Amino acid sequence: MAGKNGTGSSKERSPEAVAPRRIVLDVDTGHDDAVAIMMAAAAPELSLDMITVTAGNQTLPKTLNNTLNLCDDLGIDVPVYAGATGPLMRELVTAARIHGESGFDGPVFKPRKKQAEKGHAVNALIEYLMDALPGSTTIIALGPLTNIALAMKLEPAISTRIGELILMGGAIGRGNVTPSAEFNIHADPEAAKIVFGSGAAVTMIGLDVTTKILLDEQKMIDVRLIRGRASEIFVDSMDNYMTACRNYLGEYPAMHDPSCVAYVIEPELFRLGEYHVDIECSGEVTSGRTVVDIKGVSGKPKNARVAVDVLPDLFWPLLERTIRRWTYLGKR
Ligand code: BDR
Ligand code: CA
């Protein structure tokens, strides 16, 4: 699985085939971030060029460690950069009760060789985007938006050089960390406000759709039957994730972050609307809420495409395809 794209021969395509879409992942790995990384690295439609890491589900040393462990184990040969250690203006709030002490409780990894690249994720993002053809890069942001906001503040020109910025975060309806707010936006609302106000082509994949893609026992059995190391990592981690989601949220675990990768691979799974989205940063009980102006009553310009519905049944074949690709084309 060596090679720039991390998937070696799995990426080989006929000359007339469409070039893979260039992807940068910004993650706070995390059980569902890990599935998203596996999907992005295995998808022949995508070229995973870089991973930047932020604090979020756990502290930065832990989310970085989780990212490097996963990449090392599966042979995902892409540069990984350490980024923000906490939100722009607030104390770090983690999601330890869902993702555990390590942030990725469940799978066991051997000591690894892979190291983070030298330099800060924010500088790496800026450099990458300023070097790339304008519009040629898709950023998929799966954690608090701190790294992305910092990069936009340091080099505002990147905002319009990003082809599409797809983020897992927010909700039109209910939250998951408070009644109003979703975790990634709640963790760093000031960063989210910068991103939504940046002029970048933002696509918001929020809880309205991700909570419709739920992992249950039968789907775990289906993945277990595929066998191989990716299947093992998936099942070992999802066992933990499922227990935590059932205990603390009373529901089956949602495939939040993998939804964003599924959207890039097969956008027709989702229905989107274009709206003005604002971020509540100061509300006493609504801090971190994504206020989506569905009716256009604010008169403010539309600044984001927002996923409003999904065909969840069509997600699972993509997930299973991912695990199969790792088994047949990858190692072990
Ligand atoms: C988001 O919060 C994190 O815990 C998950 O990784 C996902 O990005 C869901 O609210
Ligand atoms: Ca995440």
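View 1. A cavity is a set of points on a 1 Å grid over the protein atoms alone where a 1.4 Å probe fits but cannot get out, and lining residues have an atom within 4 Å of a point. Volume is the space filled by probe spheres set on the points. The model is predicted, and totals for linings use all residues. Residues are numbered from 1 along each chain as its sequence is written. The lining includes Thr 54, Gly 86, Pro 144 and Ala 187. By class, six lining residues are nonpolar, four polar and none charged, with Gly counted as polar and Tyr, Cys and Pro as nonpolar.

**View 2. The largest cavity holds about 60 Å³ of space.** Among the residues that line the largest cavity are Asn 176, Tyr 241, Cys 245, Glu 251 and His 256. The lining divides into six nonpolar, three polar and one charged residues.

**View 3. The calcium ion (ligand 2) has protein donors at 2.2 to 2.6 Å.** Donors are N, O and S atoms within 2.8 Å of the metal (3.2 Å for Na, K and Ca). Asp 28, in the loop between strand 1 (21-27) and helix 1 (31-42), lies 229 residues from Asp 257 in helix 12 (residues 256-265); helices (H or I, at least four residues) and strands (E, at least two) are DSSP runs. Asp 28 is buried at 0% relative accessible area, and Asp 257 is buried at 2%, where buried means under 20% (1.4 Å probe, protein chains only).

How values were computed:
Chains lettered and ligands numbered in written order. Predicted model: local features only at pLDDT ≥ 70, side-chain atom pairs only at ≥ 80, totals over all residues. Heavy atoms only, no water. 1 Å grid on protein atoms, 1.4 Å probe; cavity = no way out; pocket = protein on both sides within 12 Å on 5 of 7 lines; lining within 4 Å. Buried < 20%, exposed > 50% of the residue type's maximum accessible area, 1.4 Å probe, protein only.
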